[in-house]
Amino acid sequence: MNSYQGGAVAETNVNKLKMRVTPSNFSGPPLFSRLNGKCFSKTFDDYKYEFCPFWNVTQHEQSLRWNPYSGILGVWQEWEIENNTFVAMVMREGDKCGNKHRTTKVYFKCGKENVITNVSEPSTCNYRVDFTTPYTCHLQALLVYPTLNSSLKTEWGLLEGQLAAGHITKKGYKKYLSQVFVKAGYMLSTETKNLVSAKAVALEKKEEANKDGQFDNLYTCTEEFRKLKKEVEDLKEQLENKNIEANHHPGVMDDMYNHMVDD
């Protein structure tokens, strides 16, 4: 198990990847605050998965091939709530996958330890993580109503009365109840979701322009050069460790590095 503090992840793969959006604040069952700031990993087949509650979910290919995949499967956004229950932690706005971005839902079950028990991909680019924790073993551990303040409990109660009296439909009830959850900080409004995505797209367009050589200033240009230099050095080290360059083209990586520095 690893941990992160103040948004900076320590000794974990998470700090090597860049999230396209900022994680939402902590919310949900009070006991889950004990999971906040921690990361849990598990390897299935050739992939290592890392789940950092209230932060993100990442995937890391365990392969010796050049440029194995490491990416973000989703960033913490909100809770999925059904029948007065916190059903799943919703991680959206992960790495791009075709014309959309990867999304992950994390489902919780009672268990003696905090462990990732399974990872699946029910549909393309949509993932499911099953996680056991002792913090869900209490019968009311995942109930939403007890966690609300008195004002929101009253608002929910009024909705129940209006539904029972036939003043609102079930569809209307669900709509207004979701607004209660938004006020509680458990869910995001449609407007907020759209704003989060729009900001991410705008930032990516700016970064893409930088990659095309349209740097805003000398600092960003220097940073891109530093990153490229680091990538070449890492590749050279990998080749040296595997003794690959000795059997093929021993001078290729040195030529690439020297040429880049000369430029």
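Reader: What makes β6 and β7 a hairpin, and which residue in the turn has a positive phi?

Author: In this predicted model, β6 and β7 form a hairpin with 2 residues between them. Asparagine 83, in the turn, has a positive phi of about 50°.

Reader: How do you know that β6 and strand β7 pair, and in which sense do they run?

Author: Pairing requires at least two bridges. Strand β7 (residues 85-92) is joined to β6 by 7 bridges, and the two run antiparallel; they therefore count as paired.

Reader: What links β5 to β6?

Author: β5 and β6 pair in the antiparallel sense over 5 bridges. Histidine 60 has serine 70 in β6 as its bridge partner.

Reader: Why is threonine 58 called buried?

Author: Threonine 58, which lies in strand β5 (residues 56-61), has 0% relative accessibility. The term applies under 20%, so threonine 58 counts as buried.

Reader: What makes the pair of threonine 58 and histidine 60 a polar contact?

Author: The side chains of threonine 58 and histidine 60 meet at 2.9 Å. The limit is within 3.5 Å, so the pair qualifies as a polar contact.

Reader: Why is aspartate 130 called buried?

Author: Aspartate 130, in strand β12 (residues 126-133), has a relative accessible area of 11%. The threshold is under 20%, so aspartate 130 is buried. Its side chain also makes a polar contact of 2.9 Å with the side chain of arginine 128.

How values were computed:
Residues numbered from 1 in each chain as written. Predicted model: local features only at pLDDT ≥ 70, side-chain atom pairs only at ≥ 80, totals over all residues. Heavy atoms only, no water. Helix = DSSP H or I, 4+ residues; strand = E, 2+ residues; numbered from the N terminus. Buried < 20%, exposed > 50% of the residue type's maximum accessible area, 1.4 Å probe, protein only. Polar contact = N/O pair within 3.5 Å; in protein donor to acceptor, adjacent residues only side chain to side chain.
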